[in-house]
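Here is a protein chain to work through by question and answer. Each reply sets a value against its cut-off.

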Amino acid sequence: MTVYYNRLKLYFVPQPAADRKNGIMNIKREDLRNIAIIAHVDHGKTTLVDGMLKQSGTFRENQAVQERVMDSNDIERERGITILAKNASAEYKGVKINIVDTPGHADFGGEVERVLKMVNGVLLLVDAAEGPMPQTRFVLSKALELDLAVIIVINKIDRPDARVYEVVDEALELLMDLGATDAQLDSPMVFCSGRDGTASYSPETQGVDLQPLMDTIVDYIQPPEGDPDEPTGVLVSSIDYNDYVGRIAVGRIERGTMKVNQQVTVCDYHDKELNRPGKITAIYQFTGVGRTQVESATVGDIVMFSGIEDINIGNTVCAPGTHQPIPFVKISEPTVEMTFSVNTSPFAGREGKFVTTRQIRDRLNRELLRDVSLRVSDGDTADSFIVCGRGEMHLSILIENMRREGYEFQVSTPKVLMREIDGEQCEPFDELTIDVPAESSGAVMEKMGVRKGELQSMEPVGSRMKMVFIIPERGLFGYKSEFLTDTKGEGIMNTLFHGYAPYKGEIPRRNNGSLIAFETGETITYGLYNAQERGTLFLGAGEPVYAGQVVGMSPKNEDIAVNVCKRKQLTNTRASGSDDALRLIPPRRFSLEESLEFLGDDELLEVTPKSIRIRKRILDHAQRMREQMKSK
């Protein structure tokens, strides 16, 4: 029996035992615990998992291990965020602890919702300085809905600005706000430094290692239970793909035992008609950060298995002759759409390996196998596709992955998905939490007013101001760069989907126009020197451009055509060498996200493995002018 620290009281957790229900022996797997780590972005989930794996002996003593070993994706490493849920396991005192490291960003909520079905408890990780943040609330609400046990982990207690006791109160208040049960409100607390790999039961005590955290997991999180002799039942919570074996399903065995070469039936809770036979050809279990092939697995185990074609997330794999689909919560619907299409610029096909409609369609369909929050449908033309996701970041990650794989295509500006509710046109709204220096709050309030944001609360936190707005999701398009400029790079903004509400009217998307290349060619210093007086350039000298390409940003709210390929006319008194005296302002280089934010409704983003170019939909200058005259 173990004693846990809680600011409300001290309490005891009895050791569980096997019991019998309805004549079926429910055997508790005392040798197994399944947990997920949930938290806001950058509160230290992946770093804490690193420490748990290292201290449990997963790696050899002299093994070189990279930081954030669970972030295996290049983009995850570069951005310091977790995009895909990962599985790992650690051994502690004869107990195998299956760990799921989940994303904290709301755009990847589809990942969070489904992996929580595989676990019996969660570690709620909260930064000791920042406290619970919007996406902490999002992920925790999903865990409480599933009645999962919660262990509160106050992380980064070694931060100079840590405010441990206030954050403890805030975490308990969050649980109460979300309607937690009495048992969940009595959750044990552990105080950690993920970076140092230490934990303790009290904030006053300096930890030595993560043993207090591991003990709490083993003693407090209920082991999975069930009857290994029951007919097999596995809910598919995730999908992987391998070119050699096809789809690989990931899920927890809810009932019975699964064996290699076993005949099974595939059904679905939301599709009563589905009843398809299949055969298990291989089973894997997670060992450390790798996987081990096994001949069988039993109730409570998290497994990967292959052999069933066209298996989908949410399907139930059960014994032949039994049609008992396991309930599965439908994933929240997408709120943002973009059009992906074949590249039609004059430079099309120069840099990409995969450029055709068929190749782009196949790649988007493969993404659907892994990403349950994504929707893909045919566009208005034969070479375009409508791609819907949970937010700008969700779709930008897909775009970045595709370009790194060698795909070349173009995308439109993001648009929100409207709905008609009770005969009224409605749009998605976000709850926006902003944390800025106090002197920047006025500029932020002004911009929020223009973007139809409604202030919900405003409170000082030290020398900073914390504000909460309800704002149309489209009001945030293109705002991030502006926000960082207004707050001198010190502002923090986080969003959480709030729901649909009546349409708020027009919102200005951009206050500036574009500088557009007038002709195709190579940029020349002389032409750029003259163009930079008209605005901010995106290109330097010696770069190829085409007519209709956006080469800069105009401070005026209108487009300006510039000739960046213009050469100086040479005479006997004007030599080309005098160009050396011209001084060019360094160009502003946009990242993929900044390019998407900048896009106007009449512009497209050309994406290739080597380049990102903004262009006008209509490249010809004269035709573009005629279209503008018609629209006035």
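Q: What percentage of the 632 residues of the chain count as buried?
A: The figure is 55% of the 632 residues. Buried means under 20% relative accessible area, exposed means over 50%, and partly exposed lies in between, with a 1.4 Å probe and protein chains only.

Q: What kind of model is this, and how are residues numbered?
A: It is a predicted model: local features need pLDDT of at least 70, side-chain atom pairs count only at pLDDT 80 or more, and totals for chains, interfaces and linings use all residues. Residues are numbered from 1 along each chain as its sequence is written, and side-chain values use heavy atoms, with hydrogens and water left out.

Q: How do you know how confident the predictor is in the chain?
A: Look at pLDDT, the predictor's confidence in each residue, from 0 to 100. The chain averages 82, and 86% of the residues score at least 70.

Q: Which elements have the lowest and the highest mean pLDDT?
A: Strand 2 (residues 11-13) has the lowest, at 37. Strand 26 (residues 409-411) has the highest, at 95. Helices (H or I, at least four residues) and strands (E, at least two) are DSSP runs, numbered from the N terminus. The chain has 14 helices and 40 strands.

Q: Where does pLDDT stay under 50?
A: Residues 1-23 are one such stretch. Residues 59-85 are another. Where pLDDT is low, the predicted coordinates should not be read in detail.

Q: Why is helix 1 called largely enclosed?
A: Eight of its 11 residues (45-55) are buried, so the rest of the structure largely encloses helix 1. Among the buried ones are Leu 48, Val 49, Met 52 and Leu 53. Lys 45 and Asp 50 are buried too.

Q: What makes a set of residues a nonpolar core, and which residues have the most contacts inside the largest one?
A: A nonpolar core is a set of buried Ala, Val, Leu, Ile, Met, Phe, Trp, Tyr and Cys residues joined through side-chain atoms within 4.5 Å. The largest has 37 residues, and those with the most contacts inside it include Ile 38, Leu 116, Val 122 and Leu 140. Helix 5 (residues 164-177) gives the largest share of this core, seven residues. Apart from it lies another core, of 29 residues, including Val 336 and Phe 409.

Q: Why is the pair Lys 447 and Glu 482 called a salt bridge?
A: A salt bridge needs a side-chain nitrogen of Lys or Arg within 4 Å of a carboxyl oxygen of Asp or Glu. Lys 447 and Glu 482 meet at 3.0 Å, N to O. Lys 447 is in helix 10 and Glu 482 in helix 11, so the pair ties together parts 35 residues apart in sequence. Glu 482 has a relative accessible area of 23%, so it counts as partly exposed. The structure holds 28 salt bridges.

Q: Which strands does the salt bridge between Glu 603 and Lys 616 link?
A: Glu 603 is in strand 39 (residues 603-607) and Lys 616 in strand 40 (residues 612-616). Their side chains meet at 3.0 Å, N to O. Both residues are buried.

Q: How far apart along helix 14 are Lys 630 and Glu 627?
A: They are three residues apart in helix 14 (residues 621-631), so about one helical turn separates them. Lys 630 is exposed, at 64% relative accessible area. Glu 627 is partly exposed, at 34%.

Q: Why is Ser 440 called buried?
A: Its relative accessibility is 4%, so Ser 440 counts as buried. Ser 440 lies in the loop between strand 29 (424-437) and helix 10 (441-450). Ser 440 touches Asp 486 and Thr 487, not counting residues up to four places away in sequence. Contact means heavy atoms within 4.5 Å.

Q: Is Lys 488 buried or exposed?
A: At 68% relative accessibility, Lys 488 counts as exposed. Lys 488 is in the loop between helix 11 (480-486) and strand 32 (492-502). Its phi is near 55°, a positive value in a residue other than glycine.
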